[in-house]
Amino acid sequence: MRRFDLHTHSLQSDGTLTPAELVTRARAAGVDVLALTDHDVTDGIAEARITADRVGITLIAGVEISVTWQSQTVHIVGLNIDTADHVLQQGLARLREFRQWRAVEIGRRLQKKRIEGAYEGARRLAKGTIVSRTHFARFLVEQGYVRGMQQAFKQFLSSGKPGHVPGQWATLDEAVSWIRSAGGQAVVAHPARYKLSAGKLLRLFGEFRECGGAAIEVISGSHPPEATQHLARIAAEQDFLASAGSDYHGPEKTWMDLGRLPALPDGCVPVWRNWEMTGLATHEVVAESLS
Ligand code: AMP
Ligand code: MN
Ligand code: MN
Ligand code: MN
């Protein structure tokens with residue numbers, strides 16, 4: 001059986017490995033099919049693809065889009081996207097503009113708490129184009145304001161805390177339509193991580209379906225394992241395809257390692273079930289005809 005990991009990050013967003021390092025490490029960990037899904041940016045895909053072809057792993061072009069839904073931030077993963085698609089890229093560019101404005105604003109707000117140079121510090125720690133709250137958290141740890149990443153979020157960066165700036169991300173409909181415009185499948189990332197009541201989560205899924213969403217992450221490295229059975233049941237009942245991803249951000253111990261995901265529970269229809277007939281097969285056919 002092939003091993004899939006369909007949610008990972010590189011330093012093009014808030015991961016710590018280069019796309020090439022990520023792919024190499026995934027291969028060593030026994031992953032056969034890997035999606036790189038950086039936040040709001042696809043800059044790492046080209047490098048990841050070169051390494052993937054070299055080490056013999058199937059790379060799925062992906063992205064994790066930030067969405068504001070009912071005043072909450074929700075993440076929608078796009079899989080098998082055409083990264084050249086203009087609708088997708090214009091949408092992501094708009095989110096990165098907001099991100100940039102927000103980063104400066106987070107810096108201003110932290111300065112009011114006598115934390116100097118946070119924007120510059122986060123910018124320095126960010127190795128790609130986007131600045132994420134993760135980079136602010138790393139800065140706060142580095143400068144000794146907090147003991148660890150969790151504390152950085154809890155004390156400064158999560159909703160209602162001094163350095164928090166409410167999101168003005170894409171709408172759910174925009175995110176799904178950008179992904180579909182790029183020929184991809186939309187997936188609700190780590191559904192068990194949102195602070196939503198059971199009823200509201202079902203409403204999110206319902207709207208997601210109406211927008212043309214395809215799948216939910218039944219298995220996520222950022223879920224407690226007990227969430228899996230529950231999400232598997234919802235996926236089966238509501239006819240969503242099931243995805244699985246570690247949400248790996250790097251070798252630091254905060255994150256689940258690559259190649260450790262359990263199999264999808266029985267009854268789940270994998271999001272990759274038709275990939276032989278679609279994008280995946282196309283890449284493989286193209287690769288064969290070139291060689
Ligand atoms: P942003 O998209 O810039 O708002 O940053 C969100 C990112 O912060 C997520 O993708 C996670 O990688 C990270 N994050 C959020 N909450 C936490 C937490 N409590 N501990 C560690 N990382 C977190
Ligand atoms: Mn992240
Ligand atoms: Mn996420
Ligand atoms: Mn993620």
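This is a short tour of a predicted model, stop by stop.

**Before you start**

Residues are numbered from 1 along each chain as its sequence is written, while chains are lettered from A and ligands numbered from 1 in the order in which they are written. In this predicted model, local features need pLDDT of at least 70, side-chain atom pairs count only at pLDDT 80 or more, and totals for chains, interfaces and linings use all residues; side-chain values use heavy atoms, with hydrogens and water left out.

**Stop 1: ligand 4**

Select the manganese ion (ligand 4). His7 (NE2), His9 (NE2), Glu64 (OE) and Asp247 (OD) coordinate this ion at 2.1 to 2.2 Å. Donors here are N, O and S atoms within 2.8 Å of the metal (3.2 Å for Na, K and Ca); water is not among the atoms, so sites may look incomplete. Along the chain, the donors of ligand 4 are spaced H-x1-H-x54-E-x182-D. Histidine 7 and glutamate 64 are 57 residues apart and link distant parts of the chain. Look for histidine 7 in the loop between β1 (4-5) and α1 (19-28), and for glutamate 64 in strand β3. Helices (H or I, at least four residues) and strands (E, at least two) are DSSP runs, numbered from the N terminus.

Is histidine 7 buried or exposed? Its relative accessibility is 0%, so histidine 7 counts as buried. Buried means under 20% relative accessible area, exposed over 50%, partly exposed in between (1.4 Å probe, protein chains only). Glutamate 64 is buried as well, with a relative accessible area of 0%.

Now show the manganese ion (ligand 2). It lies 4.6 Å from the manganese ion (ligand 4).

**Stop 2: ligand 3**

Glutamate 64, in strand β3 (residues 58-69), and histidine 190 are 126 residues apart. From ligand 3 to the manganese ion (ligand 2), the distance is 5.5 Å.

**Stop 3: histidine 190**

Center on histidine 190. Its place is the loop between β5 and α8, with β5 spanning 185-188 and α8 spanning 198-211. Histidine 190 is buried, at 1% relative accessible area. Which side chain makes a polar contact with the side chain of histidine 190? That of tyrosine 194, at 3.3 Å. A polar contact is a pair of N or O atoms within 3.5 Å; within protein, one must be able to donate a hydrogen and the other to accept it, and residues adjacent in sequence count only if both atoms are side-chain atoms.

**Stop 4: ligand 1**

Select ligand 1 next. Residues around ligand 1 include Asp14, His39, Arg99, Gln150 and Trp255; each has a heavy atom within 4 Å of the molecule. An N or O atom in its side chain is 2.5 Å from an oxygen atom of ligand 1. For aspartate 14, a polar side-chain atom lies 3.1 Å from an oxygen atom of ligand 1. For threonine 134, the distance from a side-chain N or O atom to an oxygen atom of ligand 1 is 3.2 Å. Color α3 (86-111), α5 (133-142) and α6 (149-157): these elements give two or more residues to the shell around ligand 1.

**Stop 5: serine 220**

Finish in strand β6 (residues 215-220), where serine 220 sits. Serine 220 is buried, with 6% relative accessible area. A polar atom of its side chain lies 3.0 Å from the backbone nitrogen of serine 222.
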